[in-house]
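This report describes the fold of one protein chain and then examines several places where its parts meet. Please consult the sequence and the structure while reading.

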Amino acid sequence: EIVAALEPDLLADIIARMAGMGTTSPEFIREAEQVLEREVMSRGYGEQQSTGGVDEIVQIINSLDRASEKSILEQLAVKNPSLADEIRAKLFVFEDIAKLDSRSIQRVLKEVPNADLAAALKLATDEVRDKILGNMTKRLQAMIQDEIEVMGQMRIRDVEEAQQRVVAIVRRLEEEGEIDIARGDGDVFV
């Protein structure tokens, strides 16, 4: 709620700073903790913990609605394009496909070439593989499984690139409003 309420320019600057946080001496952290603790306690707030880095930013952005995410990334892309790209790459990962509903998976499968899908499934978890294959016809399942076997060994990098191409399709379909990706605690539908 706090992140969504901030001005876009300020928010992009804060995200860039948090993501850029690296290692710091333990002594400095203890001193900063003491100062912050005194300040927080004097304002009547309970115990709090401060963290940062790209992974923390991704968690924050993943909990926002799509419009806020888009606004943040657009502002950040102007100030720090490489950081914006790094965050985008981590926002939705291949394993998150298991969280999509069946309708969304079926829509994604219409866009993904069979060769990319077969390559992407080589390193997929059982959960992801079952979810994807479960949303195909028996005939297409057999074709994909045959293609996986025919491919033989592949470099991990090639499999990960195929997974990224699938993720890019998921992100594009979400941007076009074709599918929904659950965010944060998820939306409630009735």
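## Overall composition

The protein chain contains 11 helices and zero strands. Helices (H or I, at least four residues) and strands (E, at least two) are DSSP runs, numbered from the N terminus. Read from that end, the order of elements is α-α-α-α-α-α-α-α-α-α-α.

This is a predicted model, in which local features need pLDDT of at least 70 and side-chain atom pairs count only at pLDDT 80 or more, whereas totals for chains, interfaces and linings use all residues. Residues are numbered from 1 along each chain as its sequence is written, and side-chain values use heavy atoms, with hydrogens and water left out.

## Burial, surface and contacts

The protein chain has 190 residues, of which 32% count as buried. Buried means under 20% relative accessible area, exposed means over 50%, and partly exposed lies in between (1.4 Å probe, protein chains only). The accessible surface of the chain comes to about 12500 Å², and carbon and sulfur atoms account for 50% of this surface. Such areas come from the Shrake-Rupley method with a 1.4 Å probe; for residues, only the protein chains shown count as cover.

A contact means heavy atoms within 4.5 Å. Among contacts between residues at least 6 apart in sequence, 78% join residues at least 24 apart.

## Helix α8 and its two partners

Helix α8 (residues 114-121) packs against helix α10 (residues 138-151) at an angle of about 65°, with the axes 9 Å apart. Axes are lines fitted to C-alpha atoms, for helices over the stretch in contact, and angles run from 0 to 180 degrees between N-to-C directions. The helices α8 and α10 are therefore roughly perpendicular to each other; angles under 35 degrees count as roughly parallel, over 145 as roughly antiparallel, 65 to 115 as roughly perpendicular and the rest as oblique. In this contact, Asn114, Ala115, Leu117, Ala118, Ala119 and Leu121 of α8 meet Leu140, Met143, Ile144, Glu147, Ile148 and Met151 of α10. By class, there are 10 nonpolar, one polar and one charged residues. Here Ala, Val, Leu, Ile, Met, Phe, Trp, Tyr, Cys and Pro count as nonpolar, Asp, Glu, Lys and Arg as charged, and the others, Gly among them, as polar.

Helix α8 also packs with α11, at an angle of about 120° and with the axes 8 Å apart. That angle makes α8 oblique to α11. Asp116, Ala119 and Ala120 of α8 form the contact with Val159, Ala162, Gln163, Arg165 and Val166 of α11. This contact comprises five nonpolar, one polar and two charged residues.

## Helix α11 and helix α7

Helix α11 (residues 156-175) and helix α7 (residues 102-111) pack at about 115°, their axes being 10 Å apart. Arg107, Val108 and Glu111 of α7 make the contact with Ile169, Val170, Arg172 and Leu173 of α11. Four of these residues are nonpolar, none is polar and three are charged.

Ala168 also lies in helix α11. With a relative accessible area of 44%, Ala168 is partly exposed. Ala168 and Phe94 are 74 residues apart along the chain, and their C-alpha atoms are separated by 9.6 Å.

## Lys79 in helix α5

Is Lys79 buried, exposed or partly exposed? Lys79, found in helix α5 (residues 66-79), counts as partly exposed at 46% relative accessibility. Not counting residues up to four places away in sequence, Lys79 touches Asp9, Ala12 and Asp13. Lys79 and Ala16 are 63 residues apart in sequence and 8.2 Å apart in space, C-alpha to C-alpha.
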